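Please look over the chain shown here before reading on.

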Amino acid sequence: MISQVDWFLARTKYGLGVKAARKMEPLEILWVDPAVSLSADMTDDVAAYAFEADERRTVDSELIGSHLLVFGLSSFANHSDDPNCDVKFSIGKSGPECVMFTLKPIEENEELFISYADIEWYYENGLIAQP
């Protein structure tokens, strides 16, 4: 069961992030966030916060290629080249949704990371600093 006692928002060296409130095992579902599909004429400001629904991250084929703006905790997950979590997109009863889950064991107080789909785009557009 998904519970707020499983995670908390915290200041990290990367800014605001999400941390585990307990030890977690691989493939635990952390939460489900609502998402909206953005039109092709979205502004660059919004694009910086959008997820691309690629084949790897998408359960429902009709979402592939769309850009989704996610509302909720998934938007607070910071990037890592070695993430401990990932997201999948599907269509729920109310529309597109984003499911965040663990990829590997996570310790209590460990930050939850995902890998941004196209990190080079963020670097090239000056939206995040290169390491």
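A residue is called buried at under 20% relative accessible area, exposed at over 50%, and partly exposed in between, with a 1.4 Å probe and only protein chains taken into account. By that rule D60 is partly exposed, with a relative accessible area of 24%. The model is a predicted one, in which local features need pLDDT of at least 70 and side-chain atom pairs count only at pLDDT 80 or more, while totals for chains, interfaces and linings use all residues. Residues are numbered from 1 along each chain as its sequence is written, and side-chain values use heavy atoms, with hydrogens and water left out.

**Overall layout**

- The chain has 2 helices and 9 strands, where helices (H or I, at least four residues) and strands (E, at least two) are DSSP runs numbered from the N terminus.
- Read from the N terminus, these elements follow one another as β-β-β-α-β-β-β-β-β-β-α.
- Of the 131 residues in the chain, 40% are buried.
- The accessible surface of the chain, calculated by the Shrake-Rupley method with a 1.4 Å probe and, for residues, with only the protein chains shown counting as cover, comes to about 7,800 Å², and 52% of it belongs to carbon and sulfur atoms.
- Taking contact to mean heavy atoms within 4.5 Å, 64% of the contacts in the chain between residues at least 6 apart in sequence join residues at least 24 apart.

- The antiparallel strands β4 and β5 are joined by 3 bridges; F51 has L68 in β5 as its bridge partner, and E52 has H67 in β5 as its bridge partner.
- Between β3 and β5, which also run antiparallel, there are 4 bridges, and V36 stands opposite L69 in β5.

**The hairpin**

- Strand β1 (residues 7-12) runs antiparallel to β2 and is joined to β2 by 6 bridges.
- A hairpin connects β1 to β2 through 2 residues, and L9 stands opposite V18 in β2.

**The nonpolar core**

- A nonpolar core is a set of buried Ala, Val, Leu, Ile, Met, Phe, Trp, Tyr and Cys residues joined through side-chain atoms within 4.5 Å.
- The largest such core has 22 residues, and those with the most contacts inside it are W31, F89, M100 and L112.
- At least two residues of this core come from each of β2 (15-20), β3 (29-38), β5 (67-70), β7 (85-92) and β8 (95-102).
- Leaving out residues up to four places away in sequence, M100 touches a set of residues that includes I29, W31, C85, V87, L112 and I114.

**Cysteines**

- A disulfide is a covalent bond between the sulfur atoms of two cysteines.
- The structure holds 0 disulfides, with a disulfide taken as a pair of cysteine sulfur atoms within 2.5 Å.
- C85 is buried at a relative accessible area of 0%, and C98 likewise counts as buried at 0% relative accessibility.

**Residues in loops**

- D60 lies in the loop between β4 and β5 and, apart from neighbours within four places in sequence, is in contact with F89, S90 and I91.
- D60 and P96 are 36 residues apart in sequence, and their C-alpha atoms are 9.4 Å apart in space.
- Most residues other than glycine have a negative phi.
- L27, in the loop between β2 and β3, has a positive phi near 70°, and with a relative accessible area of 65% L27 is exposed.
- N109, in the loop between β8 and β9 (113-114), has a positive phi near 75°, and with a relative accessible area of 45% N109 is partly exposed.

Key
Pairing = 2+ DSSP bridges.
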